[in-house]
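Subject: Structure handover

Hello,

Here is the structure we discussed. Please load it before you read on; my notes follow below.

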Amino acid sequence: MQTYLEPARSLPVVAEVEVLVAGGGPAGVGAALAAARAGAKTMLLEKANALGGMATSGMMSHWSGAQQLPLLQEIIDRMRTSSSLPPDREITSDYDEKWCISHECQKTALAELLAEAAVVVQLHTWVVGVIKEGDRVCGVITESKSGREVILAKVVIDATGDGDLAAWAGVEFILGREKDNCCQPVTLMFRIGGVDYSRAIFPGSFESYIQIPKGEVQALGKKHLPPPAGHVLLYQTRLPGEVCVNMTNVTNIDGTDVRQLSQAEFICRQQMDAIILFLREFVPGYEKCYLVAAAENVGVRETRHCQGVYTITGEDILEARVFEDWIATRNYFNFDIHSLIGPGLDRNGVQKHFKSKGTYTIPYRACLPRKVDGLLFAGRNISGTHLAHSNFRVMGICLGIGQGVGVAAAVAVKQNVLPRDVDIREVQRILLANGVEV
Ligand SMILES: Cc1cc2nc3c(=O)[nH]c(=O)nc-3n(C[C@H](O)[C@H](O)[C@H](O)COP(=O)(O)OP(=O)(O)OC[C@H]3O[C@@H](n4cnc5c(N)ncnc54)[C@H](O)[C@@H]3O)c2cc1C
């Protein structure tokens, strides 16, 4: 490939903080809130125009996993106090009451919580590089409308979902599935309106086989939707007549490649129109549905698995392991590997045969690079196998991981030690004091 040697230039150092969090999704929000509440001067950088990552800009239907986490409850409760929610909306189910996300209200709720914790939040900011002294990360380079700038930090947390900072810092990673680097498919979420809730069905999983007048809904989807779309996943929202649609599907995409991401966006947009026509023709209650809005970017399920001091395995989850260095607890979810070649679940059957001994914990070592210092991972990019990741990638668990990592970063700053030398008992003491239970 032809190359261009960019001339060196001086960059302004615009801030110096104790804990710097890159990425404002569930993990980044958890990390920034926890670090600031534990007393660290904290800054969060996010490329989008709002906080929440996949939970909000990604238009996710609902929070899954870690449903006993007090921080998750706090975030949901704050969203539910929003005066912008429909005033006379009847709550119809536990799902509706607790886990269903109102995207715009959730964005505002997160901004409020971070402001109250005195986190400095900078939106519209891409982190594009890391600054290292020897093996230690000590800051980041950003790009924004204000140009190229530097922010220095004692501890940097990579909550980008894709492990962008870790990769730039030289941390080893495995992309997707170990044997062939194939990643789970990507999906552009969207919302439709005009749905008649009194007659509508809401198939919430690939195994939601529902008989409707023209046949069984999943079978109809496979027959009439353009592959690799083909499954039918529809979720209630808090907005009258609106439904969250998780049905676009593009396989064989590397979410760290901008050209493949662009291609995925265009394919999803074509599928969106076909899905709406399908819903109108086949699914009761959807005869008059129409497109309201699509997510701000295609949702990426899996990319880099950063290699940490410990790598979480499927067996750890099945055995419900409680690690000595736990930082996120009481995690529970299925193995959720979507087919890597078409609609529905992976044919390996791991979801169908999932039987765990209970809830499991995330060890701090899975968030700690093997060699690079000054850097921690949080969220779906922590160290885990393809199989384990399919479980801990859900937002509730990522939020809890973020919280644990944020506290660890703050303790490292307070004790003036590297994150790898942090007193894990002190980290756990703070988490327990914040209502986390083992
Ligand atoms: C289609 C789909 C459906 C899903 N369904 C569910 C579900 O029903 N329930 C559930 O709980 N989970 C679900 N998940 C999983 C879940 O949404 C993600 O795994 C989870 O959000 C990961 O959290 P995170 O904070 O690690 O990453 P993200 O939520 O992806 O957040 C990362 C943030 O970092 C920002 N960022 C990235 N790179 C940079 C950079 N270089 N500079 C600055 N900012 C950056 C992004 O803009 C984003 O805000 C789904 C995922 C997908 C894709």
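Predicted model: local features only at pLDDT ≥ 70, side-chain atom pairs only at ≥ 80, totals over all residues.

A polar contact here is a pair of N or O atoms within 3.5 Å.

**Ligand contacts**

Start with H62. One of its backbone N or O atoms sits 2.9 Å from a nitrogen atom of the ligand, so the pair falls within the 3.5 Å cut-off. R380 uses the backbone, with an N or O atom 3.0 Å from an oxygen atom of the ligand. How much of the ligand does the protein bury? On its own the ligand exposes 990 Å², and the protein buries 94% of that.

**The shell**

There are 32 residues around the ligand. E46, H62, S64, R393 and M395 come nearest. By class, the shell splits into 12 nonpolar, 14 polar and six charged residues. Several elements each supply at least two shell residues: α1 (26-37), β4 (126-133), β15 (299-300) and α10 (395-415). Domain 1 and domain 2 each give at least three residues to the shell.

**Domains**

The chain divides into domain 1 (15-179 + 303-334 + 362-433) and domain 2 (186-300). Their C-alpha centres are 28 Å apart. In the contact between them, 29 residues come from domain 1 and 20 residues from domain 2. Interface size is often quoted as the accessible area lost when the parts come together. For domain 1 and domain 2 the buried area is about 1900 Å², with 57% of it on carbon and sulfur atoms.

**Backbone points to check**

Most residues other than glycine have a negative phi, and most peptide bonds are trans. Two places depart from that pattern. The peptide bond between P227 and P228 is cis, with omega about 10 degrees. P228 is in the loop between α6 (217-224) and β12 (234-236). N181 is not a glycine, yet its phi is positive, about 60 degrees. Look for N181 in the loop between β7 (173-175) and β8 (186-187).

Best wishes

How values were computed: Residues numbered from 1 in each chain as written. Heavy atoms only, no water. Near = heavy atom within 4 Å. Polar contact = N/O pair within 3.5 Å; in protein donor to acceptor, adjacent residues only side chain to side chain. Areas by Shrake-Rupley, 256 points an atom, 1.4 Å probe, with all protein chains shown as cover. Helix = DSSP H or I, 4+ residues; strand = E, 2+ residues; numbered from the N terminus. Nonpolar A, V, L, I, M, F, W, Y, C, P; charged D, E, K, R; others polar. Domains from an automatic or database assignment. Contact = heavy atoms within 4.5 Å. Buried area = accessible area lost by both parts, 1.4 Å probe.
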